[in-house]
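Have a look at the structure below.

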2 protein chains.
Amino acid sequence: MPARDQRTTITQVANAAGVSIQTVSNVIRGRGRVGEATRERVAKVISELNYVPHPGASSMRSNRTGQLAHPMPPQSFEPTNNINVEFIRGLVAAAATHGYHVVLTRSDGDPEEIAELCRSGRIDGFVFTGMQPDDLRMETAHRLGMPFACFGRTAPDLPQAWVDIHNADGTDEATTLLIDTGHRRIAFLGHESPYFWDAERRDGYLQAMARAGLQSRVALCGSTDKDIEAAARKLLGRGRPSAIVCSSDRLAVALYAEAGRRGIEVGKELAITGFDDWIVGRNLSPALTTVSTDLHDIAGRVVDRFLTELAGPTDAPGEFVPVELLRRGSA
Amino acid sequence: MPARDQRTTITQVANAAGVSIQTVSNVIRGRGRVGEATRERVAKVISELNYVPHPGASSMRSNRTGQLAHPMPPQSFEPTNNINVEFIRGLVAAAATHGYHVVLTRSDGDPEEIAELCRSGRIDGFVFTGMQPDDLRMETAHRLGMPFACFGRTAPDLPQAWVDIHNADGTDEATTLLIDTGHRRIAFLGHESPYFWDAERRDGYLQAMARAGLQSRVALCGSTDKDIEAAARKLLGRGRPSAIVCSSDRLAVALYAEAGRRGIEVGKELAITGFDDWIVGRNLSPALTTVSTDLHDIAGRVVDRFLTELAGPTDAPGEFVPVELLRRGSA
DNA sequence: CTGAAAGCGCTTACAG
DNA sequence: CTGAAAGCGCTTACAG
């Protein structure tokens with residue numbers, strides 16, 4: 001492994017610059033008092049020798065690894081979950097900005113996996129996503145004193161440090177758009193689920209309908225393809241609404257398929273809005289009007305929050321990130 | 001940071017088991033000669049104390065970090081690229097099987113980023129994907145003596161250790177299906193591109209057509225939405241074929257849209273096959289018949305290949321992984 | 001402002 | 001079969 005034999009060490013840098021290794025360390029970490037001339041000389045040598053401090057050695061004394069674990073819950077792998085890649089991209093970018101590397105791990109929700117990572121000395125903390133209502137991962141990290149931040153919330157009494165989107169705003173905006181374009185019989189199609197976000201998205205719809213003095217109609221369905229298809233069939237049957245606000249793009253896609261079977265033209269005879277800006281919705285004809293979230297931005301905020309927690313646990317409240325309604329052909 | 005103060009060390013394990021730290025190390029690494037009774041006693045203590053060796057300390061002597069970098073090229077973030085999540089999932093799982101962690105990094109193709117990772121002592125090697133014809137990343141890793149393995153191939157004269165899918169087989173199979181179901185005027189729609197796989201997918205089509213004694217018709221287009229739309233328009237204009245083999249699902253989706261505009265019914269009046277099993281194709285009506293690759297399996301093979309390279313660079317040839325034709329509604 | 005010493009937790013030779 | 005010693009490359013705390 002030549003790469004390792006050729007490794008430049010702090011000692012070589014110190015010798016070449018004519019200073020002690022301690023001064024080199026100070027220059028790198030921006031600590032202690034180092035004269036300007038010395039600093040420049042050392043920096044020059046570091047760059048010339050392509051010196052990179054050994055993270056393993058560094059972590060032994062500093063208790064910092066410069067690594068962040070992102071345990072991906074199983075549902076983030078489901079093809080219907082679209083947020084993963086964009087979020088990960090943002091996470092890696094934001095982490096890099098602060099000199100952090102992202103270690104990707106699998107997580108089936110078993111807190112023991114989290115505990116082992118806490119004990120491993122491999123990471124400085126976690127970024128969690130896809131939390132379940134009874135998720136034990138955050139509690140485990142908290143108990144073992146490992147900093148973390150979450151995209152999304154869990155039960156209010158559990159430890160968390162969250163950034164989340166404003167779900168109700170999204171469906172409120174979508175519903176309002178439909179009302180403003182003349183629709184009156186507007187239904188909501190959502191999931192029966194234990195998740196916060198499902199309830200919040202429904203509430204946004206209800207709130208906009210109430211404000212306009214319109215009668216609301218909420219349909220909820222299970223999460224299997226069959227459940228969704230059945231709900232779509234019923235909703236587009238006799239007495240169908242002229243517009244439907246969906247709690248997710250996946251539901252909207254099912255409505256497109258059902259509308260196709262019935263010869264109902266989406267965008268003309270039936271308006272549909274989604275939520276998530278899933279790639280599938282973008283490729284439908286007409287393209288789906290949907291509520292989009294800036295996952296890149298969110299990832300940056302989650303990393304910021306993680307760094308805050310790393311500096312010292314806080315009771316800081318969570319942070320809501322605004323959503324954006326993308327108007328396309330379907331509404 | 002309680003997690004770190006509470007850290008169990010090899011010394012604590014050694015004391016509790018009544019052996020030297022060296023023996024504990026031997027038990028963990030399965031090295032040296034350790035008596036059966038001693039091994040069991042030590043293993044019990046390790047498990048009781050939840051001992052995990054400190055990877056930083058370990059890496060200083062062993063030159064092994066147990067970490068693998070996966071630099072994600074920018075195109076893997078494009079929404080039209082579907083392989084990323086599935087592959088990463090498989091990569092993390094396969095790496096974990098061998099005690100490896102995956103460090104995700106961004107890569108804009110700049111070899112200096114790769115060089116810095118090589119020098120960092122943070123990783124034992126790379127898994128590359130999305131290679132460009134003039135990709136300098138593998139060469140850089142090779143020059144710095146860092147082991148790596150690739151999903152996909154690059155120019156034959158460059159260092160590489162690859163696993164790839166059998167592209168020609170896929171389009172050959174798709175074309176043969178169309179021939180077997182009675183089609184005679186079958187066109188191919190592909191990308192003008194410098195990539196291996198585009199040429200190979202075209203060749204599979206040509207080969208199947210030649211075997212059946214049919215006349216082939218190849219249409220190629222650029223990579224922008226506009227280019228693709230123009231190609232679809234032309235292909236579905238006057239004298240259109242009865243079936244089209246596409247080099248990617250993205251192209252197939254564009255054909256669906258164009259067919260929709262012209263009132264041509266896909267699956268009845270026009271057969272279409274894709275390549276990639278993109279989530280969008282699965283959600284079209286009718287669902288797209290396409291060539292699918294088992295990315296989970298491929299990731300496992302790439303990790304195997306990486307471990308081979310880690311044990312000592314080889315000139316072992318690359319490995320082809322079979323593809324599978326998924327027959328759905330469109331053909 | 002700079003440096004000599006201690007020590008982080010391991011693994012690698014090597015001695016017995 | 002097992003252990004005492006050396007040392008991996010850093011950072012910390014402290015002395016000057």
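## Contacts around B:Ile298

Contact here means heavy atoms within 4.5 Å. The model is predicted. Setting aside neighbours within four places in sequence, B:Ile298 is in contact with B:Phe87, B:Phe151, B:Val163, B:Ile165, B:Thr293 and B:Val321.

B:Ile298 also has a place in the largest nonpolar core, which has 60 residues. A:Ile298 and B:Ile298 are the residues with the most contacts inside that core. In soluble globular proteins, nonpolar side chains tend to be buried together.

## Strand β9 of chain A

Strand β9 of chain A spans residues 271–275. Five of its five residues are buried, so the strand is largely enclosed by the rest of the structure. Both faces of β9(A) are covered. On one side sit A:Ala271, A:Thr273 and A:Phe275. On the other sit A:Ile272 and A:Gly274.

Which strands pair with β9(A)? One is β8(A), residues 243–246, which pairs with β9(A) in the parallel sense over three bridges. A:Ile244 has A:Ile272 as its bridge partner in β9(A). Another is β10(A), residues 289–292, again parallel and over three bridges. Here A:Gly274 has A:Thr290 as its bridge partner in β10(A).

Together, β8(A), helix α12 of chain A (residues 249–262) and β9(A) make a right-handed β-α-β unit.

## Between chains A and B

How many residues of each chain are in contact with the other chain? The count is 58 residues of chain A and 59 residues of chain B. The area buried between chain A and chain B is about 4900 Å². Carbon and sulfur atoms give 61% of that area. Between the two chains, the count of salt bridges is zero.

## B:Ala141

B:Ala141 lies in helix α8 of chain B, which covers residues 137–143. Is B:Ala141 buried or exposed? Its relative accessibility is 0%, so B:Ala141 counts as buried; the cut-off for buried is under 20%.

What does B:Ala141 touch? Not counting residues up to four places away in sequence, B:Ala141 touches B:Ile114, B:Cys118, B:Phe126, B:Phe128, B:Met146 and B:Phe148. B:Gly125 is 16 residues from B:Ala141 in sequence. In space, the two are 8.2 Å apart, C-alpha to C-alpha.

Note on methods:
Residues are numbered from 1 along each chain as its sequence is written. Chains are lettered from A and ligands numbered from 1 in the order in which they are written. This is a predicted model: local features need pLDDT of at least 70, side-chain atom pairs count only at pLDDT 80 or more; totals for chains, interfaces and linings use all residues. Side-chain values use heavy atoms; hydrogens and water are left out. Buried means under 20% relative accessible area, exposed over 50%, partly exposed in between (1.4 Å probe, protein chains only). Helices (H or I, at least four residues) and strands (E, at least two) are DSSP runs, numbered from the N terminus. Two strands pair if DSSP finds at least two bridges between them. A crossover is right-handed if, with the strands pointing away from the viewer, the path from the first strand over the helix to the second runs clockwise. A nonpolar core is a set of buried Ala, Val, Leu, Ile, Met, Phe, Trp, Tyr and Cys residues joined through side-chain atoms within 4.5 Å. Buried area is the accessible area (1.4 Å probe) that two parts lose on being put together, summed over both. A salt bridge is a side-chain nitrogen of Lys or Arg within 4 Å of a carboxyl oxygen of Asp or Glu.
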